[in-house]
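Subject: Structure handover

Hi,

Have it open in your viewer while you read.

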Amino acid sequence: MGLPNRTMTLSDPNHLAAHALVAALLAAPLVAQGRPSFVPIQPDLFGTGTTLTNAFADFDGDGDLDFFVGFNGAPNRLYQNDRGTFRDVAAAVGLAEARATRAAAWGDFDGDGDPDLMLGFAPGPASVLTLYRNDSGRFRDVTLDAGLHRDSAGVRQLSWVDYDGDDDLDLFVALRDRPNALFRNEGGRFTDVAAALGIADARRSVGAVWFDFDQDGDLDLYVGNMDGDANGLFRNDGSRFTDVASDAGAAWGGRTAGDPANGTVRPCAADVDNDGRLDLFGANYGRNGLLLNRGDGRFEDVSAAWGVDIDARYDACAFSDFDHDGRLDLYVNGTVTGGVSYRDMLFRNTGSRFEEVTPPNIAAIEADHGVQWVDFDGDGDEDLSLTGVRADGMHLILRNELPPAVARRSVLVRVVDRNGRATRAGAEVRAYAAGSRRLLGARLVDSGSGYNAQSEIPVHFGLAADLAVDIEVVWPAGGQRDVTIRRGIRPGSGAITVRTAR
């Protein structure tokens with residue numbers, strides 16, 4: 001069924017009274033028993049709208065997660081995090097580009113130990129792809145030197161992934177208006193190998209996520225397509241990719257097959273049912289879809305049974321165990337299209353279906369497109385970051401108000417390679433009760449998230465009880481699934497770092 005329009009009360013984002021009303025609305029206490037509570041931080045700073053994509057990384061290496069926001073024509077912002085307080089440093093560090101920004105991805109492409117930033121812009125006078133190398137906290141445009149200059153294209157998802165297992169980050173680019181690209185990293189210079197590998201899909205792509213869906217030791221690719229095009233599930237066969245979406249039951253992501261008004265904007269991969277396998281969710285134009293991974297190379301559409309087959313228009317999905325009950329919950333971000341502003345929804349995972357628990361203050365705001373879950377303040381629970389492309393939108397960070405004892409009931413894991421570099425996007429992380437093989441859940445190191453974004457942040461496990469866990473990291477590369485185990489991790493001990501075996 002269609003969702004009601006939001007109440008559209010604010011029309012001028014520069015009007016002080018409008019901003020005051022937004023801040024008052026968002027800061028209002030939530031008293032509905034059993035509902036989650038999220039409170040905006042620094043709402044005046046984060047109150048500006050016309051924002052699309054958001055992504056997090058510790059760009060300055062101080063242990064706090066910093067916050068990039070791509071604007072729809074205004075100067076972009078990079079917020080430096082100082083123990084939970086943010087300030088915009090984009091102009092000072094070279095990232096305040098005033099172009100319509102469609103995509104953002106953090107990744108250490110040059111292997112020097114700090115995250116670099118790839119941006120995708122709307123077509124204009126300069127390259128639609130721009131690569132900024134992080135040099136001790138300042139950013140330099142190295143697009144030409146890297147061989148990534150492109151005059152035009154409808155850039156959507158950017159993903160830094162080591163698809164070929166050679167220990168450096170390659171770049172995937174989903175394109176809305178031409179064949180998708182896959183750039184192999186060869187010593188910091190990139191060559192498009194998509195056509196040679198069978199991955200230059202000409203359908204109208206928007207979102208994408210990389211993971212080893214068939215568990216054969218390499219990263220595969222799931223691509224969400226629009227305008228009635230089927231989605232692609234590209235199996236990595238070593239020297240070539242093969243689209244197996246139809247055989248795997250993943251071609252339509254829960255939406256109506258062949259309907260030109262339907263499409264998948266954001267595919268998400270997450271272990272929804274805690275069986276250790278990564279399932280798929282489609283944030284769709286049309287009915288949203290949940291596809292459970294049955295472990296035999298096939299997915300089963302359980303959208304209706306799990307209560308997520310809402311017929312609307314969505315731009316993004318994001319999973320987090322926001323309440324620390326041991327199950328992954330779901331946020332879906334409604335879009336603005338055709339004069340309708342579709343409402344966002346927060347769903348709690350009950351173990352067999354999702355129930356809506358959206359706080360009133362979140363339901364009231366004009367959020368769409370960007371959504372990320374991140375523990376920005378280091379208290380153990382994941383907070384919520386949203387963007388809004390409308391003039392009366394915003395780019396808020398909302399602090400999760402779990403009680404401190406519950407918030408600390410979590411484990412955060414940062415996965416790096418044997419040299420300590422963050423090149424392991426797509427790695428699988430599983431948590432077990434310590435000293436046993438009792439599985440508590442699985443997570444994926446971010447290989448594409450939110451709206452056309454990729455963050456470099458630890459994966460997060462909420463725990464239903466205060467117990468130690470064993471962490472297992474699986475890195476699929478070169479036809480092998482290398483396993484690294486860290487035992488006896490206590491919750492509330494901050495993010496741990498796990499180096500893969502190779």
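Let me start with strand E3, which is covered on both faces: Asp66, Phe68 and Gly70 are buried on one side, and Phe67, Val69 and Phe71 are buried on the other. Keep in mind that this is a predicted model. With six of its six residues buried, E3 is largely enclosed by the rest of the structure. The cut-off behind that word is a relative accessible area under 20%.

Now for the sheet that E3 sits in. It is an open one made of four strands, in the order E2-E3-E4-E5, and the pairing is antiparallel. The edges are taken by E2 (51-57) and E5 (85-88); each has a single partner strand, so one side of each is left without a neighbour in the sheet. From one strand to the next, the twist averages 25°. As a reminder, strands of a sheet pair through backbone hydrogen bonds, either parallel or antiparallel.

What does E3 pair with on either hand?

- E2: this strand runs antiparallel to E3 (residues 66-71), and six bridges join the two. Phe56 has Phe67 as its bridge partner in E3, while Thr51 is partnered by Phe71.
- E4 (residues 77-82): here the pairing with E3 is again in the antiparallel sense, over three bridges. Tyr79 in E4 is the residue that Phe67 stands opposite. The two strands form a hairpin with five residues between them, and Gly73 in the turn has a positive phi of about 125°.

One distance, in case you want to check your numbering: Ile397 and Val469 are 72 residues apart in sequence, and their C-alpha atoms are 29 Å apart in space.

Cheers

Technical notes
Residues are numbered from 1 along each chain as its sequence is written. This is a predicted model: local features need pLDDT of at least 70, side-chain atom pairs count only at pLDDT 80 or more; totals for chains, interfaces and linings use all residues. Side-chain values use heavy atoms; hydrogens and water are left out. Two strands pair if DSSP finds at least two bridges between them. Axes are lines fitted to C-alpha atoms, for helices over the stretch in contact, and angles run from 0 to 180 degrees between N-to-C directions. Buried means under 20% relative accessible area, exposed over 50%, partly exposed in between (1.4 Å probe, protein chains only).
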